[in-house]
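Reader: I am new to this structure and would like to know what stands behind the words used for it. Could you show it to me and take my questions in turn?

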Amino acid sequence: SPIPPPDLKSCSKAHINETEEVSYSCCPPKPEDMDSVPYYKFPSMTKLRIRPPAHAADEEYIAKYQLATSRMRELDKDPFDPLGFKQQANIHCAYCNGAYKVGGKELQVHFSWLFFPFHRWYLYFYERILGSLIGDPTFGLPYWNWDHPKGMRLPPMFDREGSSLYDEKRNQSHRNGTIIDLGHFGDEVQTTQLQMMTNNLTLMYRQMITNAPCPLLFFGAPYPLGTDPSPGMGTIENIPHTPVHIWTGDNPRQPNGENMGNFYSAGLDPVFYCHHANVDRMWSEWKAIGGKRRDLSNKDWLNSEFFFYDENRNPYKVKVRDCLDTKKMGYDYAPMPTPWRNFKP
Ligand code: C2O
């Protein structure tokens, strides 16, 4: 059977690794009537939100996004406001660092077929909250276009000190236009910028095409209720999703790769949501390749559920089956070419 939404009443301390606990609680505020949380219904909409590639965003867009993010940070004054920036980051901590139990086991939304749908729903609400904080119902999150040579660096809008989009806990030697290594697991590869970009495109081809010809290889291994968490990652979750986290986080100065390099802290870096917008975009791009590249049809996947607050602070249950079509959800991606499609090794 499918994974049900987490029971907030049993939410407990999250842990960073086997021995170390997160020093604060990652649990969300509990809704008054936990047992009658309704299913989410899409609000009516008139215009699609279009998510732009971050590297190409203009100053007007950047100003809006900065303002929305600083307003969200201001909401942290009330530590129990579910729309606050820290509460939003704690969603990731709670779902990924063992705060929730389902079926007597720790819930983990990574390393399985829950990876793509969980993060899609998470960004969906995060984007709506930002839009509502600036009164813009068409606001779309930017995507970190790391699969295109022009996007293979920390998007400049996140690298401005003093901005609400800046985060101090990042690897300082990966700033100012350093080309990202999409295969980064800690070692610095010494090569030319051109070679690095070529390697990245070849790696994208491998993860999107060669190694992911069918749904389970792309989405990750089945994770029905009662089975052990973390049965196995899909190709993109493994690489480049994880390397982008590790490359961005401040491994040299922080004990656990904070912020981006650890589940409990990743959401504390605003670039997390920009990174995941591109991960989410890869889901759409993968389906667009065609052939057997379709969503899973397994009911245990389709009927798995999560819990979120919407931009009006109302709690909802959501189902995987309702997040398969981004246009139905009210958003789409501004198109960018996918040059990796021509990088067959
Ligand atoms: Cu939930 Cu990029 O990790």
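Author: What follows is a set of questions about the terms, each answered from the structure.

Reader: What kind of model is this, and how are residues numbered?

Author: This is a predicted model, in which local features need pLDDT of at least 70, side-chain atom pairs count only at pLDDT 80 or more, and totals for chains, interfaces and linings use all residues. Residues are numbered from 1 along each chain as its sequence is written.

Reader: What does the pLDDT say about the chain?

Author: pLDDT is the predictor's confidence in each residue, from 0 to 100. The chain averages 96, and 100% of the residues score at least 70. The model also has an ipTM of 0.99 and a pTM of 0.98.

Reader: What makes something a helix or a strand, and how many does the chain have?

Author: Both are DSSP runs numbered from the N terminus: helices are H or I with at least four residues, strands are E with at least two. The chain has 10 helices and 6 strands.

Reader: How do you know what length to expect for helix H3?

Author: The expected span is 1.5 Å times one less than the number of residues. H3 (residues 115-133) has 19 residues, and its 27 Å from first C-alpha to last is close to the 27 Å expected. Just after H3, Gly135 takes a positive phi of about 60°.

Reader: Why is H3 called largely enclosed?

Author: A residue is buried if 20 or more other C-beta atoms, placed from the backbone, lie within 10 Å of its own, exposed if 12 or fewer, and partly exposed in between. In H3, 16 of the 19 residues are buried, so the rest of the structure largely encloses this helix. Across the chain, 45% of the 345 residues count as buried.

Reader: Are His241 and Leu324 buried or partly exposed?

Author: His241 has 23 other C-beta atoms within 10 Å, so it is buried. Leu324 has 17, so it is partly exposed; this residue sits in the loop between E5 and helix H10 (326-329).

Reader: Which residues carry the "binding site" feature?

Author: UniProt, in an unreviewed entry, places it at His241, His245 and His276. Although spread over 36 residues of sequence, they cluster in space, with a largest C-alpha distance of 10.0 Å. Such annotations may be inferred rather than shown by experiment; feature names are shortened and positions follow the numbering used here.

Reader: What is His245 in contact with?

Author: Contact means C-beta atoms, placed from the backbone, within 7 Å. Not counting residues up to four places away in sequence, His245 touches Met260, Gly261 and Ala266. His245 lies in helix H6.

Reader: What makes E4 and E5 a pair?

Author: Two strands pair if DSSP finds at least two bridges between them. Strands E4 (residues 305-309) and E5 (residues 315-319) are joined by 5 bridges, so they pair, and they run antiparallel. Glu305 stands opposite Lys319 in E5. The two strands form a hairpin with 5 residues between them, and Arg313 in the turn has a positive phi of about 70°.

Conventions:
Contact = placed C-beta atoms within 7 Å.
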